[in-house]
Amino acid sequence: MQRITPLERDDVTADADQAGAAGPPRTTAKCVVEAIGTLFLVFTCGAAVSSGNPLALLAIGAVLMVMVYAGGHISGGHYNPAVTLAVLVRRRISLRDAAWYWAVQFGAGLIAAAVVHWVVDPAHTGTPATLIVPTDRLAAVFVVEFLFTFALCYVVLNVATSSKRSDNSYFGLAIGFTVVSGAFAVGAISGGAFNPSVTVGAAVVGLFAWPTLWIYLVAQAMAAVAAGLTYVGLNPDEI
């Protein structure tokens, strides 16, 4: 029997949906799930870091893990425009659906950042310092954001889109702990974003400086493409 990966399960119901089965349209359901997951991820990042919680990194990895488990069977549980780009390169999402994912991911991230800005009171938590990257450290930020965004996308593609791993129950844990590992490893260098929605949301909250935001977004996009091409090159039978 052919195995179905977490990112492909929704495709099995495509004919039923198109035939008028009960429930929202597939794209609508996927976008709602992506919006919910991205909102909670960005909100957790902003609230935990802004409030100075010493377990912020674990909270971020944990919320990503549970949201992947919660919505992975519907949307794939991307919650990250870079992951969506990698899945697009890997040919497990259409360009149309990818564009919708990007729209709701950035939109949900901005809403989450606005809520963080509203609920976190600097008078009680202290105002976190904005991470200002010196010019001579831009290359270092680019490298670490590229490496761990690549790692995140590479892990997602291998544990959540491979037919050889379709029966696993650890994909959410693997994805969440990739983020935790990266945040602990290079958080002091770049802030450990690895996600364009988190990057922009963090800038809205005041954790990242806007003038250097481009280095994050370029590194994350390039890493996503590299991860997708790497997966395709290593798994030609999966295309």
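Author: Start with the contacts in the protein chain. Take those between residues at least 6 apart in sequence: 75% of them join residues at least 24 apart. One caution: this is a predicted model.

Reader: Ok. How many helices and strands does the protein chain have?

Author: There are 11 helices and zero strands. From the N terminus on, the order is α-α-α-α-α-α-α-α-α-α-α.

Reader: What is the mean pLDDT of the chain?

Author: The mean is 88. Of the chain's residues, 87% reach 70 or more.

Reader: Where is confidence lowest, and where is it highest?

Author: Helix 2, residues 14-18, is lowest, at a mean of 40. Helix 5 is highest, at 98. Over residues 9-21 the pLDDT is below 50. Beyond near neighbours in sequence, that stretch has 13 contacts in the model.

Reader: New topic. What share of the residues is buried?

Author: Of 239 residues in the protein chain, 49% count as buried.

Reader: And the largest nonpolar core? Which residues touch the most other members?

Author: That core has 50 residues. The ones touching the most other members are Leu41, Leu64, Tyr79, Cys153, Ile175, Phe208 and Tyr216.

Reader: Which elements give two or more residues to this core?

Author: Helix 3 (26-50), helix 4 (56-75), helix 5 (81-89), helix 6 (95-119), helix 8 (138-160), helix 9 (171-190), helix 10 (196-205) and helix 11 (213-234). Helix 8 gives the most, with nine residues.

Reader: What does Ile175 contact?

Author: Leaving aside neighbours within four places in sequence, Ile175 contacts Leu64, Val68, Leu152, Val155, Val156 and Val159. Then there is Ala160, 15 residues from Ile175 in sequence. Their C-alpha atoms are 9.2 Å apart.

Reader: And Phe208, what does that touch?

Author: Not counting residues up to four places away in sequence, Phe208 touches Thr130, Leu131, Ser190, Gly191, Ala193, Thr199, Ala202, Ala203, Leu213 and Tyr216.

Reader: Some of those sit in helix 10, I think. Is helix 10 enclosed or open, and why?

Author: Helix 10 is largely enclosed by the rest of the structure, because nine of its 10 residues are buried. The buried ones are Pro196, Ser197, Val198, Thr199, Val200, Gly201, Ala202, Ala203 and Val205.

Reader: What do they pack against?

Author: The buried residues of helix 10 pack against helix 3, helix 5, helix 6 and helix 11.

Reader: Zoom in on helix 11. At what angle does its axis cross that of helix 10?

Author: The two axes cross at roughly 170 degrees and come within 10 Å. Angles over 145 count as roughly antiparallel, so helix 10 is roughly antiparallel to helix 11.

Reader: Which residues make the contact?

Author: Helix 10 brings Pro196, Thr199, Val200 and Ala203. Helix 11 brings Leu213, Tyr216, Leu217 and Gln220. By class, this contact of helix 10 with helix 11 has six nonpolar, two polar and no charged residues.

Reader: Now helix 5 and helix 6. How do their axes cross?

Author: At roughly 175 degrees, coming within 9 Å. That makes helix 5 roughly antiparallel to helix 6.

Reader: Who makes that contact?

Author: From helix 5, Pro81, Thr84, Leu85 and Leu88. From helix 6, Leu95, Ala98, Tyr101, Trp102, Gln105 and Phe106. The residues of this helix 5 and helix 6 contact divide into eight nonpolar, two polar and no charged.

Reader: Last one. Is Gly228 buried or exposed?

Author: Gly228 counts as buried, at 0% relative accessibility. Its place is in helix 11. Not counting residues up to four places away in sequence, Gly228 touches Ala86, Val89 and Leu157. Gly228 and Phe150 are 78 residues apart along the chain, with their C-alpha atoms separated by 8.9 Å.

How values were computed: Residues are numbered from 1 along each chain as its sequence is written. This is a predicted model: local features need pLDDT of at least 70, side-chain atom pairs count only at pLDDT 80 or more; totals for chains, interfaces and linings use all residues. Side-chain values use heavy atoms; hydrogens and water are left out. A nonpolar core is a set of buried Ala, Val, Leu, Ile, Met, Phe, Trp, Tyr and Cys residues joined through side-chain atoms within 4.5 Å. Buried means under 20% relative accessible area, exposed over 50%, partly exposed in between (1.4 Å probe, protein chains only). Helices (H or I, at least four residues) and strands (E, at least two) are DSSP runs, numbered from the N terminus. Contact means heavy atoms within 4.5 Å. pLDDT is the predictor's confidence in each residue, from 0 to 100. Axes are lines fitted to C-alpha atoms, for helices over the stretch in contact, and angles run from 0 to 180 degrees between N-to-C directions. Angles under 35 degrees count as roughly parallel, over 145 as roughly antiparallel, 65 to 115 as roughly perpendicular and the rest as oblique. Ala, Val, Leu, Ile, Met, Phe, Trp, Tyr, Cys and Pro count as nonpolar, Asp, Glu, Lys and Arg as charged, and the others, Gly among them, as polar.
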